[in-house]
Structures are given as C-alpha cells and as structure tokens.
Amino acid sequence: MMRITDLHCDALFKMQRDPKLSLREADADGKLDVTLERLREGGVSAQVFAIYVPEDKPMEPQTALHQAELFWSKVLTEPGVRLIRTAADLEEAERTGALGALLSLEGVDCLREQWWSLTLLYRLGVRLLGLTWNHANWAADGAMEPRGGGLTRAGRRLVNECEKLGILLDVSHLSERGFWELKELATRPFFASHSNAKALHSHPRNLTDDQIRALIEADGLLGLTFVPFFLAGAQPARIDDVLRHVEHICVLGGSSHLAFGSDFDGIETHVAGLAHPGEYPALAEALLKRYPESLVSGFLGGNATRFLMDNLPQR
C-alpha cells in the first residue's frame, strides 16, 4: 500500500464541539470522518490537523488554544502517533511506520496581532499557517472577501515572523491579491493545503492557472481537495472529478508539486467513494489506471514528504 500524506482535516474542531469524540472508532460514533482505524486502513502515514476558529468566534484565542490542547491530549497520546515538528521527526516517523501528526492554523484572527501568541502556538507544534479563512482579518483579505484586498502591514510582518520561526505559509484561503503579494514577499516555498483548479471549476477558493504556475515556480505544493463544490458544478462529485483536476495540474507542469488535502471533517457532503481516509485506496486505484506508479506515489505522499523534509526546521 502506498504511503499517503493528507494536508488538511478539521477533526480537532469537531472534537472541541463534542468532548465525547476521539479518534478511536468507538468514540467517534460515526461523527468523525478521520479516525485512527480509517487512517491506517487508507495507508495515511502523515495527517495535518488544523486549528480552526469558527467565523462566529474568530477573535477568541482560547478556542485555538483548546484545539491545540486536544491535539496533544487526543491525537498525540494515541499509540503509534508521532508529533512532527521537524524534518528529523518526519524522517523518524517514515522509518518506524508511525502516523505522523502535524498541527496547522487556519486563519490568524485569534492571534490578535500579538506576536507572543504566534510564538506560543509554534511551541505547541504549529508548523503550517494560513493567514486567513474566507474573509478579511488584521493580516489580509480572504478568498471570499468582496473587496479583494491583499496583505496589511501587519500581515507582511506576519509573513516575516513565520519565516523566521520556520512556519510554512498556506495560501488556500487567501485572496488572489494577497497570494501575489505573499509570493513577492516570501523568501521560502509556500503551499496550498486544500484548493483546486479554477480553470476547471470557477470557485473563489480555487486557484488560477497563473497561481498554480507560481506555486510550481516557487517549488511549492498544491493539495487538491475533496470538497465536492470545489471540484465540479454537477453533484454528486465523483473520483473522476478529482482526476480531472489532477490531470490539469500535470498539464501545467505540476506533477511533482501535487498532493492532497482532503478537508475531511470540514465538509458535510463527500465525493462518491471518498467519504473518509479509509477510502484513499479507491483514489489510488483510479490514479494507477492513468499514471505510472512512480507519479501516483508522488501524488499521494511522496511530493508532500519531499516538500516537508526540505522546508520544515531540520531539528
């Protein structure tokens, strides 16, 4: 079975809303897409767990800290799970067959432009960070903010502070203008954790061909997502819709920069045949019918592993 890296899930948010939930199948009670059993069944070797502060409480730092605590108490305490903060951690997880768990922050509203809070989250394990969710905050405009602004002065400082700490920047929810401003400012590769190709389906959260080419040029990474309404207009979305986006990225020259960020537990409807991580083998089988094993191995995990090995703090 191929080893898979998934760049985005929202299990922490669900576990915060319902304290009875855990990653164990019995405790998940059918309410979680992501469970340990399903991750192992699907061959997932590394999973990114996002801290998401909902839009009705965007400025509450305690919400973010609570989800960070859940990452430590309900994810990292499970047998066979290893915290990934450095390239050395990831290498050791790969060597031992552990499930690597990474922590990300989806939108910085809750940091309130307090730089100590960024440092604290770094110390708690955050290594991936998106400046915005869909709307505007103190750092930048999100992809669905009508005015379409870019980075603020504080947002520019945030980019610099993240690069100094070793936090990788995620552009999936960022406005298009913010994307281009970040590209000009960034001195290190950046990535999109869960976005698709706008040329195939015009949704504000998808990336234009020029943005995708810029990610490739920056030696970044694009995690295609399984959000049905990012994939296609007609519903239900199917695995073939995912494959269309894969092919488009390959045509643009991104075969070695393509990965997946499912958004499991952040979506209420699913791609037919891709309802949870245990169904990743169905995607792998479909990919292998079109692409050589060497490319498919890269799509599913190899490209993301290389990106993380190259760009996480080394020790």
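How many salt bridges does the count come to by the rule used here, in which a side-chain nitrogen of Lys or Arg lies within 4 Å of a carboxyl oxygen of Asp or Glu? The count comes to 20 salt bridges. Before we visit a few of them, a word on the model. It is a predicted model, so local features need pLDDT of at least 70 and side-chain atom pairs count only at pLDDT 80 or more, while totals for chains, interfaces and linings use all residues. Residues are numbered from 1 along each chain as its sequence is written, and side-chain values use heavy atoms, with hydrogens and water left out.

Let us start with the whole chain. Its secondary structure comes to 13 helices and nine strands; these are DSSP runs numbered from the N terminus, with helices (H or I) of at least four residues and strands (E) of at least two. The C-alpha trace spans about 50 × 40 × 35 Å along its principal axes. Of the 315 residues, 62% count as buried, meaning under 20% relative accessible area, whereas exposed means over 50% and partly exposed lies in between (1.4 Å probe, protein chains only). Among contacts with a separation of 6 or more, 69% come from residues 24 or more positions apart, a contact being heavy atoms within 4.5 Å.

Now to the salt bridges themselves. Arg3 pairs with Glu94, and their closest N and O atoms are 3.6 Å apart. Arg3 lies in the segment before strand E1 (4–9) and Glu94 in helix H5 (residues 87–96), so this pair ties together parts that are 91 residues apart in sequence. Arg3 is partly exposed at 34% relative accessibility, and Glu94 is partly exposed too, with a relative accessible area of 28%.

Next, look at Lys14 and Asp265, whose salt bridge has its closest N and O atoms 3.0 Å apart. Lys14 sits in helix H1 (residues 11–17) and Asp265 in the loop between strand E9 (258–260) and helix H12 (280–288), which makes this a link between distant parts of the chain, 251 residues apart. Both Lys14 and Asp265 are buried.

For another setting, turn to Glu184 and Lys183, whose side chains meet in a salt bridge at 4.0 Å, N to O. Glu184 is exposed, with a relative accessible area of 62%, while Lys183 is partly exposed at 22%.
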